[in-house]
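Visitor: I would like to learn how to read a protein model feature by feature. Could you walk me through one?

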Amino acid sequence: MASDVSLERDGVAPVDDEPVAELSSPTQAPSSQPPQPKRLYRKRFFTAYTILAAAIGATVAGIVLAAGSSITSHTPWSSWEPDSSGTTGAKQIAAHVSKQYHLPSGEQLVDVLAKPPSVSPANQQIPLHYIAVRGKKASADTVIPINSGDTVQYSLCGLGDACAISKGTPSVQRGTLVRREILELALYTFKYMGGVKNVIAFMPPTPGSTPKYAVLLQRDELSQYLHQPLTTTLGAKTPLANTITRKEQQTIDATTESRVYSFSLSQAQNGDAVLVLAPLPA
């Protein structure tokens, strides 16, 4: 950012408008020739003009340097961004992020399906209107009204039965990699889709089981990561499950571990679908 530039005037003596007489030497009689005011004023004007020009030049140079520093120090949040908003933008984010994550075999870890918050029992598309987060111990439940404008839903599907990851061996490290992908999806969504406040992501189940877990991330919880480049939060190169660094592990756990819930569905008396999220045991 350009900083204010002050002009230093120290050392510039005030100009005296009265002509100054030359002193005679002790051995010489005073000259009867009067001083030359025109030549004296011309010299003083030239000196003052030179000082003013130098001050203006310093000011302009300081502004240019400050502006140049601001421009060159700017770093974009990410090297890619979606060119649409709404469901189309969410689908672009899902496609971009999902292709970065792989199994050790080189195959894609999961496909990511983006859509407005909804459930599809018996081949019906029912919009979700509420998320109810059960309170821990004596804490009260939290009910969050949601709609297609403020909430994006991602389903991570490994293309096996019930969307399980069909290849490789399930592990804690692979679960961490899935949570890293969910975090990256949420960060892109909050950064480039201004009206979105909530991201719901359904995790792939282990083979032979049905989907049980969902991650709920909210803009307010991740706002600090939206003001620094993405590569500061997550490394520029997407790791494999067994190559996640300690620093990234700490970031992933701090942002997602306590926000993994077991989920179920309920229905309000008026027929509205409610996604119920229950905290996992410690």
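Guide: Let us begin with secondary structure: helices (H or I, at least four residues) and strands (E, at least two) are DSSP runs, numbered from the N terminus. In this protein chain they come to six helices and nine strands. This is a predicted model, where local features need pLDDT of at least 70 and side-chain atom pairs count only at pLDDT 80 or more, while totals for chains, interfaces and linings use all residues. Residues are numbered from 1 along each chain as its sequence is written, and side-chain values use heavy atoms, with hydrogens and water left out.

Visitor: What percentage of the 282 residues do buried residues make up?

Guide: Buried means under 20% relative accessible area, exposed means over 50%, and partly exposed is in between (1.4 Å probe, protein chains only). Here 33% of the 282 residues in the protein chain are buried.

Visitor: And how do I read contacts along the sequence?

Guide: A contact means heavy atoms within 4.5 Å. Among contacts in the protein chain with a separation of 6 or more, 68% join residues 24 or more positions apart.

Visitor: Which residues touch the most other members of the largest nonpolar core?

Guide: In soluble globular proteins, nonpolar side chains tend to be buried together. A nonpolar core is a set of buried Ala, Val, Leu, Ile, Met, Phe, Trp, Tyr and Cys residues joined through side-chain atoms within 4.5 Å. The largest one has 40 residues, and Leu109, Tyr154, Leu156, Ile182, Leu187 and Leu222 touch the most other members. At least two core residues come from each of helix H2 (86-98), strand E1 (111-115), strand E5 (151-157), helix H3 (172-192), strand E6 (198-202) and strand E7 (213-218). H3 gives the most, with nine residues. Another core, of 14 residues, lies apart from it and includes Leu128, Val133, Ile144 and Leu216.

Visitor: Against which elements do the buried residues of H2 pack?

Guide: They pack against E1, E5 and H3. The buried residues of H2 are Gly89, Ala90, Ile93, Ala94, His96, Val97 and Ser98. For the 13 residues of H2 that gives 18 Å, and the end C-alpha atoms are 18 Å apart, which agrees.

Visitor: How many aromatic pairs does the structure hold?

Guide: Rings of Phe, Tyr and Trp (its six-membered ring) pair if their centres lie within 6.5 Å; planes under 30 degrees apart count as stacked, over 60 as edge-to-face and the rest as tilted. The structure holds five such pairs. In one of them, Phe202 and Phe263 have ring centres 4.9 Å apart and planes at 75 degrees, so the pair is edge-to-face. Phe202 is in strand E6 and Phe263 in strand E8 (residues 260-267), so the pair links parts of the chain 61 residues apart. Phe202 is buried at 12% relative accessibility, whereas Phe263 is partly exposed at 24%. Ring pairs also link Trp77, Trp80, Tyr188 and Tyr192 into a cluster.

Visitor: Which residues are linked with Arg180 in a network of salt bridges?

Guide: A salt bridge is a side-chain nitrogen of Lys or Arg within 4 Å of a carboxyl oxygen of Asp or Glu. The whole structure has six, and the network links Arg180 with Glu184 and Glu248. For Glu184 and Arg180 the closest N and O atoms are 3.5 Å apart; both residues lie in helix H3, four residues apart, about one turn of the helix. Glu248 meets Arg180 at 2.8 Å, N to O. Glu248 lies in helix H6 (residues 246-256) and Arg180 in H3, so this pair ties together parts 68 residues apart in sequence. Glu184 and Arg180 are buried, and Glu248 is buried too.

Visitor: Which side chain of opposite charge is nearest to Arg174?

Guide: For charges, Lys and Arg count as positive and Asp and Glu as negative; His and the chain ends are not counted. The nearest to Arg174 is Glu107, 9.6 Å away, and Arg174 is buried yet has no salt bridge. Arg174 is found in helix H3.

Visitor: Last one: what is the phi of Leu159?

Guide: Most residues other than glycine have a negative phi. Leu159 has a positive phi of about 70 degrees, and lies in the loop between E5 and H3. Leu159 is exposed, with a relative accessible area of 61%. Cys163, in the loop between E5 and H3, has a positive phi near 75 degrees and is partly exposed at 26% relative accessibility.

Notes. The expected span of a helix is 1.5 Å times one less than its number of residues.
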